Structure formats: structure tokens, C-alpha cells
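Thanks for coming. I will take you through one protein chain, from the overall numbers down to a few residues.

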Amino acid sequence: MGFEGLLGQETAKGFLSSVLKSNRIAHAYLFWGPSGVGKTFAAKLFFLNLLPNSCGACLECKVCKKVLMEEHPDLFMLAPLKKELGIEPIRQLRKDVQYPPFEAPIRMIVIQSAERMTKEASNAFLKTLEEPSSHNIFVLEAQHKKGILPTILSRCQWVRFRPLRPQEIREFLVREKGLDPEKASVISHLANGSLKLALHLLDTSASDERLRYFYSHMEMLKKEKGEILSASHGLVQELQLKEDGLVGFLYLIQTWYRDLLVTRLGIETELLVNRDFSTQIKARSSGFDPTALMEAVLEIERARQELMGEVNPNLVFGDLMLGLKERLNV
Ligand SMILES: [Zn+2]
């Protein structure tokens, strides 16, 4: 009932529950915090709880399933197609929200990665916010507030989402995915507070991508300095098209270095993140110095943290690749 299905996020849950209880629903909310921690799921639960004769977000009934599958006609989901969210979808949205909702007395419009709206799109969206209608509720999702117009921010109620605690992720993996506690513990500590990343690691269909990323990365390191920089520049362009593309990539190669280190030290392969590739990892690990592997893991971690801030990704990424080449002596 309510927000029980949402993992962690006690503050956000408490706030949204009090909003429902008081029945003072704002016109627009900003759900902000790192990706993969439940912002979209929370918006869906919020919508379900706002419906009359609500089942209390049981997650089992027909209406709940429609909302979860994003098939409810009064739940609009909008996300950037590529790097940015441009003017066209916002123009269309401005037209669509002028009509009454189809089934429910209210309509919820969820805008994902709202910080990636172009200036033009932001200004158009601001006009919509300035003309509140009783049946439209906007939920903007963003990883951070920078990049969102102050005039938009000031018209939203802010709801903060935090990285999940490893323990929360671990318990979820054991309870919902049937993982044994030890494996769940390893994944939970590597998931960087994101349930999405934790689930991604469990997804074997993602394993080809992991292998391809790591091998192409190793090939890149073998090149000359100038070539490495231009190759990493190209990779940055490609990865930036995906949400979390860059940080996600670094995360993946970090798990490989971590696995190489764990294997090099002779620790049980059961604890590998990429354990589906334990044979390849074992074959490669002997060629590396454990200290260099450890430093590689730490260096990638530093780069990941830096990329969360306002930095030039080409510089951070290029420096990291050159640093790894030197350390690993490839
Ligand atoms: Zn239900």
C-alpha cells in the first residue's frame, strides 16, 4: 500500500505520503537524485495513489499493471531521445495537456532527465507550468538541478532521492531475485547505490556488451598516445548519447579490473562480478601486477566521481586512459 514497493528512500516516501494525506497536490514536482534509485517507480506509485478508488498501489491489479507497463493513457512519459530533450516533443506535449484526461480525473506527465531539456524546450515548458490546470500534474526527474531553468525549479516542489545503501540493495537481491547473500553482497557494494546497475549486473543478456566494452578498451590502451586520445574522444561522443553512458562504461571496466585483481589474488571466483567470464579473467589476470590493478580500480573510481561534476568529459576520460596505459604497462 502507498509507497511500500519502493526500496529505501524514506524521506521521499514520507514527503509524498504526507502530500497524499493532506490532499494538497502541487502542480509540479522535481524528483532529483542519482539514476537508478527509484524516481520513475516513485512517480508511478504517486500516480496510482492519486487515482480514485485506488487499490493503494497493490502492483497486482489491472490498473497497476497498466501504469507499471506505461500503458495507462493518463500517464505521459517523456524522455530525451538522444543527448537532449528538444522543442518538438515539448510542443506536442503542450498541445496534448490541453485536453482533459482520458480515464482518470488527473493526468501525470513524467519528464525524465529534465536537466537535458534544451533552452528552447525549457522556455516552452515553462509556459505550460505558468498556466496550471487542475488535471495536470508534472513530475520532472533529474540527476541534479543544474541545467534546469531557475524559473522552472521555483515552480516545482523538490523531492530528494538518495543513493541506496548497499544493505538495501543486498536485501532486495536476496528477497526478490533469490540470490545467495554472499553474491548479493558483492553486487550491492559495486552497484554505486543504484538498483538499476545492480540489476544490470545480474542480466546475462548484458554480458556481451560487457565483454565487448572491456576488450575494445584493452585494445585501445595498446595504441599510441595520440591515437588513444582520439579513440577516447570518439568513445565519449558515442557514450554520451546514452543516459549514464560514460559513467556506466567506466563502471563496467572497473568491475573487470576488480575481477582481475580478485582472481590475481586467488580469491574465490564465486565473488566475481563478471563470473560468467571467469575463464577469460583467469587467463588474463596473471599478466598483471596486483598493485597496478588496484590502482586502476581506484583511478577509475576517481574519474567516475569527477564525471558527476561539471568537468570536460573528454579531458577526464583521455587522462584516465593514458594513466591506465602507463600503470598497466600495455
Ligand atoms: Zn492495484
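**Overall numbers and selected residues**

The accessible surface of the protein chain comes to about 16,500 Å², and 53% of that surface belongs to carbon and sulfur atoms. Accessible areas here come from the Shrake-Rupley method with a 1.4 Å probe, and for residues only the protein chains shown count as cover.

Before going on, two remarks on the source. This is a predicted model, in which local features need pLDDT of at least 70 and side-chain atom pairs count only at pLDDT 80 or more, while totals for chains, interfaces and linings use all residues. Residues are numbered from 1 along each chain as its sequence is written, and side-chain values use heavy atoms, with hydrogens and water left out.

How many helices and strands does the protein chain have? The protein chain has 15 helices and five strands. Helices (H or I, at least four residues) and strands (E, at least two) are DSSP runs, numbered from the N terminus.

Now the dimensions. The C-alpha trace of the protein chain spans about 65 × 45 × 30 Å along its principal axes. The radius of gyration is 22 Å, which agrees with the value near 20 Å that a compact globule of 330 residues would have. That radius is taken over C-alpha atoms, and the globule rule is 2.2 Å times the number of residues to the power 0.38.

Of the 330 residues in the protein chain, 49% are buried. Buried means under 20% relative accessible area, exposed means over 50%, and partly exposed is in between (1.4 Å probe, protein chains only).

Next, contacts, meaning heavy atoms within 4.5 Å. Take the contacts in the protein chain between residues at least 6 apart in sequence: 74% of them join residues at least 24 apart.

For charges, Lys and Arg count as positive and Asp and Glu as negative, while His and the chain ends are not counted. The place of a charge is taken as NZ of Lys, CZ of Arg, CG of Asp or CD of Glu. The protein chain has 43 positive and 41 negative charges, and their mean positions are 3 Å apart.

Is H217 buried or exposed? H217 counts as buried because its relative accessibility is 1%. Its side chain makes a polar contact with the side chain of Y257, at 2.7 Å. A polar contact is a pair of N or O atoms within 3.5 Å; within protein, one must be able to donate a hydrogen and the other to accept it, and residues adjacent in sequence count only if both atoms are side-chain atoms. Leaving aside neighbours within four places in sequence, H217 is in contact with F249, I253, Y257, M321 and L324.

Y213 also lies in helix α10. With a relative accessible area of 6%, Y213 is buried. Beyond its neighbours within four places in sequence, Y213 is in contact with residues including F249 and I253. Y213 and F249 are 36 residues apart in sequence, and their C-alpha atoms are 7.5 Å apart in space.

S216 is found in helix α10 too. S216 counts as partly exposed, because its relative accessibility is 40%. The C-alpha atoms of S216 and T291 are separated by 23 Å, and the two residues are 75 apart along the chain.

Now strand β5, residues 157-160, where V159 is found. V159 is buried, with a relative accessible area of 2%. Which residue is 127 residues from V159 in sequence and 6.3 Å from it in space, C-alpha to C-alpha? That residue is W32. Leaving aside neighbours within four places in sequence, the contacts of V159 include A12, F15, L16 and W32.

In the segment after α15 (313-328) we find V330. V330 is partly exposed, at 34% relative accessible area. V330 is in contact with L221, F288 and K325, neighbours within four places in sequence left aside.

Last, backbone angles. Most residues other than glycine have a negative phi. Q9 is not a glycine, yet has a positive phi of about 55°. Q9 is found in the segment before α1 (10-22), and counts as buried at 8% relative accessibility. L59 has a positive phi too, near 70°. L59 lies in the loop between α2 (39-50) and α3 (62-68), and counts as partly exposed at 24% relative accessibility.
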